[in-house]
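Q: Please show how a few features of a protein model are read, one at a time.

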Amino acid sequence: MQHDHILILDFGSQVTQLIARRVREHGVYSEIWPYNHADEDRIRAYNPKAIILGGGPASVTDEGSPRAPSCIFDMGIPVLGICYGQQTMIAQLGGKVEKQDHHEYGRAEIKVTHNCALFSSTWTEGSTPTVWMSHGDRVTDIPEGFEIVATSKGAPYAIVADESRHYYGIQFHPEVMHTQNGSEIIRNFVIDIAGCKGDWTMAAYKDEAIAKIREEVGNEKVICGLSGGVDSSVAAVLIHEAIGDQLTCIYVDTGMMRKGESDQVVKLFRDHYNIPLIHEDASTVFLGKLEGVSDPEKKRKIIGGTFIDVFDECASRIGGAQWLAQGTLYPDVIESVSYTGGPSVTIKSHHNVGGLPEKMNLKILEPLRELFKDEVRDLGRTLGLHDNFVSRHPFPGPGLAVRCPGEITKEKLDILREADAVYLDAIREEGLYNEIWQAFVVLLPVRTVGVMGDGRTYDYACALRAVTSADGMTADFYQFEMDFLSRVATRIINEVRGINRVTYDITSKPPGTIEWE
């Protein structure tokens, strides 16, 4: 690798991905490996500048619980243990960890008892910062060479350090935003303590990715399936910079895209970037196969299967392609090798054209597989894609089909498209679009009685949905001002023929999901 890099060992925490994202925010490349996929030869070959041990749900006191590879303590590099990572490091080096009756979950206050390189730029002796705890077990004795540098009510060894060996153990989670100065702690570890240069940028990534694509593909042809979303679009522009007209994009219009979206995709890729593009309007085919189907899973399977058939037929017109490009991201890769034993490959149906590689006997090109979503957006900006495009909210593979519960018809989709456009327009006018992870309208499978002018109406009801989230794994509803919701409801009812009632969905994830189907 051309840059310094940090290895993160995963013990099953729900927030391990946040560690990698925080490290990368400081210009240092990082990878996450399951602890049981990290043997000594592989670790030494990777040659990390430092290692971070993440959290996890297990108890160090249980027989057979996960352990860090012992070789990491013989490599002479800094090690940072977070939560479970702290506990297993301390136990493996000769300290003690015990179960406790008093647990700490959520915000807690720690007291800094000694200065330490880990927080040299933020906290000093006597400081009482707020951190995010999530633990039952706790360290009760530390190995020789360590000292306590911070305590809390539930964790007398909240931070311990062996400065001579650059070993640090923290009971709380610096990677979550609730921890005061958490990002600075991670920066201190990777830059000041580990000595990383912090030179991993999207500009550097772009140049290196282009060189890698050229080397990998050579003179062969590549097909890229455009979904209209950010991931496949950025992948296509990156590949085109690398190999030019060896790339052909295929955009299958299912008839379930947002208002004006198909025109935007065609204009961007065919006209602006001059990328060879097949635009296949298959809306009639999709709607015909979905006629009379209301079960959500059946709808998804029909859409996925039909997409594969249409895409395959389009690809056959090109001929001679040996590669299929996909917008696979790093979270997909991480989930596919989960330490708990997930499937060997995780591909998001339709967005990453699942099923096509096997059917078409193509090699896979995944130039974004090392990036998180926010990094893909940064790469898109580096490639010259307009911010209005790369900052768009996520859009599901099956499109508006999952926002139209019940049977899908062209009439319903047209009504939904118009209502969704009004809603997003109002959000943009209010300057709220970038504060929201995802916003959309759901057309409900019910009709309600209304009054417009002097007449009675019997039209559809719709639900507005808007959520905030860091990664889509959990989400909370966006708390609009009531006068904004009132204005949006009035606009939709006045401007969209077919809707006479508007509701707002205030369900969080969990227990609900972001989409309705």
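Q: On strand β13, which residues lie on one side and which on the other, and are they buried or exposed?
A: This is a predicted model, in which local features need pLDDT of at least 70, side-chain atom pairs count only at pLDDT 80 or more, and totals for chains, interfaces and linings use all residues. Residues are numbered from 1 along each chain as its sequence is written, and side-chain values use heavy atoms, leaving out hydrogens and water. In a regular strand the side chains alternate between the two faces of the sheet. In β13, Leu247, Cys249, Tyr251 and Asp253 lie on one side and Thr248, Ile250 and Val252 on the other; all are buried. Buried means under 20% relative accessible area, exposed over 50% and partly exposed in between (1.4 Å probe, protein chains only). Strands (E, at least two residues) and helices (H or I, at least four) are DSSP runs, numbered from the N terminus.

Q: Which strands run parallel to β13?
A: Two strands pair if DSSP finds at least two bridges between them. Five bridges join β12 (residues 221–226) to β13, with Gly225 partnered by Ile250. Five bridges also join β13 to β14 (residues 277–281), where Tyr251 has His279 as its partner. Both pairs run parallel.

Q: What is the phi of Cys83, and where is Cys83 placed?
A: Most residues other than glycine have a negative phi, and most peptide bonds are trans. Cys83 has a positive phi, near 55 degrees, and sits in the loop between β4 (79–82) and α3 (84–92). Cys83 is buried, at 5% relative accessible area.

Q: Which residues does a cis peptide bond join?
A: One joins Lys509 and Pro510, with omega about -15 degrees; another joins Pro510 and Pro511, with omega about 15 degrees.
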